[in-house]
Amino acid sequence: MLELHQVEVCYGAIRALTDLSLHVAEGELVTLIGSNGAGKTTTLRAISGLLRPRHGTILYEGEAIHALTPFHIVQRGIAHCPEGRHIFANLSVDENLRLGAVQRRDRDGVQQDREWVCELFPVLKERVSQLGGTLSGGEQQMLAIARALMSRPRLLLLDEPSLGLAPVLVDTIFEVLRKLKEAGRTILLVEQNARLALEIADRGYVLETGRLILDDSAAALRGNADVERAYLGG
Amino acid sequence: MNTAANATTAFDWRRWAGAALPVLMILALPIFADHGASAYQHRVIVILGIDIMLVVSLNLFNGFTGVFSLGHVGFMALGAYASAILSMPVAHKAINLPDLPVWLAHVELSFLPATLVAGLFAMVVACIIGLAVLRLSGHYVAVATLSFLVIVRVVLINATPFTRGSRTFFGTPAYTNVWWVYAWVAVTIYLAWRMLRSPYGRAMLAQREDRVAARAVGVQVLRTRLGPFALSAFLTAVAGALWGHYILSFSPNAFYFTETFTIITMLVVGGMGSISGSVIGTILIVVLSEVLRNLEGGFDLGFMQVPPLYGLSQILMAVAFISVLVFRREGLLGYREIDFTRLFVRRGDPRNEREA
Amino acid sequence: MSLTEYGLQQAINALSIGSLYALMAIGLAMVFGILRLINFAHGDLMMVASYAALFMLLAGLPFWMVVILAVIVGALAGMLMERVAYRPIRGAPDVAMLLTSFAVTIILENGAVMLIGARSRPFPVPDFLRQVYHLGNLTVASVNVVAIISTAILLVALTLFVTRTDTGISMRAAADDMTAAQLMGIRINRVIAAAFAIGSGLAAVAGLLWTAKVGKVDPYMGFFPVLKAFVAAVIGGFGTIPGAVVGGFVLGILEISLQALLPGDWSSYRDAFVFGILIVVLLVRPNGIMGARVREEI
């Protein structure tokens, strides 16, 4: 479904991604792990159109999307839930969700999806009129994911959903991710918490200073001694 | 290392030559003005010198701190009015400014003292304003200094005993000549050079775009900004004094947005971190606006008469300004200076590579 | 005149001038909220709309039609301004954008001088806007009443727009978090164009009301109002619409109060005080009365 070929992204003179190639097949949950500054977030931003790669191509269902604007990329069914949540703090939960579906024309479908995400994250239903900024960190993360789901994406990009959250909340969120995976959603998950990510992923890529250094099934990565030492605290 | 040390001594005369050359080039202007220039050209050269002072002193502040002051023309106004009030002969003051408070009405200073006092006055005002305003960030400083400009204008219009309000202020003695102007130009450029090109200055210059680092400086921000602000206010006021004693009659309208925008255009076109850029930018804009102003009165294209188009020069300058921002944001020279020493070094000379 | 009557009279004056400031400030705030651009040329939109109205009235068009068309002209002028001058420099440092708006001001004002002449022209104010009503000891000008009522209507309409429509909500979203707004698939260019259109349309209304009050138009008429509108927006909380509205009325009250309270020979320093207060606000409470959230820009 998604293919990156030798993608290179630069911030001015700094090369953030070098020669990155990866793919995600439909229905898979693939995870990108690596330490801080490895380029994981940059990868997602390149896919969702916030950044344009200097070299390389990004194909989505066979179509080259690396030169498209975020508007077009969302249109094609890719949703990016960014690092740090980026919910609209001065807008209500309801308005946040509504904006997630802003490109959609099917009112009934949108209503259905809204009910569905509120089932996934019941706390959102309680707080539906509250301003996004008044939610706790965990609630904001749930809102961010719910909002991304409102566009009924075929590919979901998730950036560090566990960041800064208490373990209980992290578990809740990963439960939801598991549910989504079982429902057949395609997910590309960037995670600092490699252990959790590898537990639910099918495959994983390990990035280090902008380069791909490992590429394997999640099970293999879990058993990999280097990975364990570097990222799993082993 | 050894080679560097040797290179320094061997380089010495070249650096001196490199420094002397632009000085001579600038000195050529007043020399020409006094020997051989027409009255019109003389006038342009004087105004050019004053504009160079204004732009370089603004650059001193902006280049050093990375922050924009939109109110500097206010200091120019203070300088012009203050120095004029001080230097006007007592007899004239009695007629033109009958309501002056007694302690001013009997003061009459010669040119340099009047200028210096006016400059110091502006400097004090700058310190007061600076304490209030320089703690702000980015464009809030710009807005706050703009408010300062408006306040100055309102005060000038209303302080009628001192300024004759919005009516023309006249009776300033004609003290300015081209040599006064260019002596001050030299002082300004020298001070700016010392500040901006010192190691500390260069560090500030490199750092100004880096917001995170700037924020890390914290409270010191005020202190690092206040010095350049006060100094540039002083020089701007002196430029105002020179201008006032050249034009001889003026009103608050001369010190408002049009003038502000003109100076900023010169600054931006030349390059905001570069002194030589400021000089070049000023020369370009002054020449351009003179040409355009002559065209404004209407001209003959041979096959048709172009009618008077007042305001055209302003529009074209504004367009030029936008073009620079769109196409070459850093201006002509950006943060670099013209390095005249290169003229004295043979091509391919390894010593040329000494300094990046 | 009793004290209450005096107070009431001044309150009406404050409300009416506050309405104008609010209308102007909204346009500034909308654009600043999304683009971080302080558009000084906003004031010239008042001028453009007023001149358009002038010429249409002189051509014989009925007043109600002129108002609608002039507002449309204002909105279009604002959108054109954005497309030509501000879009190419999007992403530039804030000060560069502010200076560009200066340049646009100069172009518009001198353009008007060139094409129409620098002299002010009388504006044929229709009779219903020139009435003065006397209620007991109070003097109420009809134009002030119209100003207050039309501002109220427009504010209601605007509130509905930004809370009920997708475009309106998108606008608020873009002002809140531009990155997230992009990721929603919001067409940022359209949202910005809409913000300019609406803000400029409101400025046009303010311009027409202003012109109706002073009875004439000149190329520089928008200049001081936009400064005042800016003060209003900052006092209220720059970047948000509620802030602009609150700021507009606060400024109106402030001005009238200063006018009333300053001793005779100091009253002309009123504007200096207003701008002095701006500096104080920037120092003490830069987020204004409504305390808009300051986005961290690291």
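These notebook entries record what I looked up in the structure, chain by chain and then contact by contact.

**Ground rules**

I am working with a predicted model, in which local features need pLDDT of at least 70 and side-chain atom pairs count only at pLDDT 80 or more, while totals for chains, interfaces and linings use all residues. Residues are numbered from 1 along each chain as its sequence is written, and chains are lettered from A and ligands numbered from 1 in the order in which they are written.

**Entry 1: chain A overall**

I began with the secondary structure, where helices (H or I, at least four residues) and strands (E, at least two) are DSSP runs numbered from the N terminus. On that basis I find 10 helices and 10 strands in chain A. I then looked up the radius of gyration, which is taken over C-alpha atoms, the globule rule being 2.2 Å times the number of residues to the power 0.38. Chain A has 17 Å, which agrees with the value near 17 Å for a compact globule of 234 residues. Along the principal axes, the C-alpha atoms of chain A fill a box of roughly 45 × 40 × 35 Å.

For burial I use C-beta atoms placed from the backbone: a residue is buried if 20 or more other C-beta atoms lie within 10 Å of its own, exposed if 12 or fewer, and partly exposed in between. Buried residues come to 46% of the 234 residues in chain A. Contacts are pairs of residues whose C-beta atoms, placed from the backbone, lie within 7 Å. Of the contacts in chain A with a separation of 6 or more, 67% are between residues 24 or more positions apart.

I also checked helix 1 (residues 40-48) of chain A, which is mostly covered, with nine of its nine residues buried. Its buried residues include A:Lys40 and A:Arg45 as well as A:Leu44 and A:Ile47. After helix 1 of chain A comes A:Gly49, with a positive phi near 95°.

**Entry 2: chain C overall**

Chain C has 11 helices and four strands. Its radius of gyration is 19 Å, close to the 19 Å that the globule rule gives for 298 residues, so chain C is as compact as a globular protein of that length. The box filled by the C-alpha atoms of chain C, taken along the principal axes, is roughly 60 × 50 × 35 Å. I note that 54% of the 298 residues of chain C count as buried, and that 75% of the contacts in chain C between residues at least 6 apart in sequence join residues at least 24 apart.

Inside chain C I followed helix 3 (residues 63-86) and helix 8 (residues 188-214), which pack with their axes 7 Å apart at an angle of about 135°. Axes here are lines fitted to C-alpha atoms, for helices over the stretch in contact, and angles run from 0 to 180 degrees between N-to-C directions. Angles under 35 degrees count as roughly parallel, over 145 as roughly antiparallel, 65 to 115 as roughly perpendicular and the rest as oblique. Helix 3 and helix 8 of chain C are therefore oblique to each other. Among the residues that meet are C:Gly74 and C:Gly78 in helix 3 of chain C, and C:Gly199 and C:Gly201 in helix 8 of chain C.

**Entry 3: chain C against chain A**

Here 16 residues of chain C are in contact with 21 residues of chain A. On the chain C side, helix 6 (166-176) and helix 7 (178-183) are the elements that give two or more residues, and helix 6 of chain C gives the largest share, six residues.

Helix 3 (residues 93-100) of chain A and helix 6 of chain C have axes that come within 11 Å and cross at roughly 105°, which makes the two helices roughly perpendicular. A:Glu95, A:Arg98 and A:Leu99 of helix 3 of chain A make this contact with C:Ile169, C:Ser170 and C:Ala173 of helix 6 of chain C.

**Entry 4: chain B**

Finally, I looked at B:Leu78, which is found in helix 3 (residues 72-87) of chain B. B:Leu78 counts as buried because 27 C-beta neighbours lie inside 10 Å. Leaving out residues up to four places away in sequence, B:Leu78 touches B:Phe121, B:Ala122, B:Val125, B:Val152, B:Ala237 and B:Gly240.

How values were computed. Contact = placed C-beta atoms within 7 Å.
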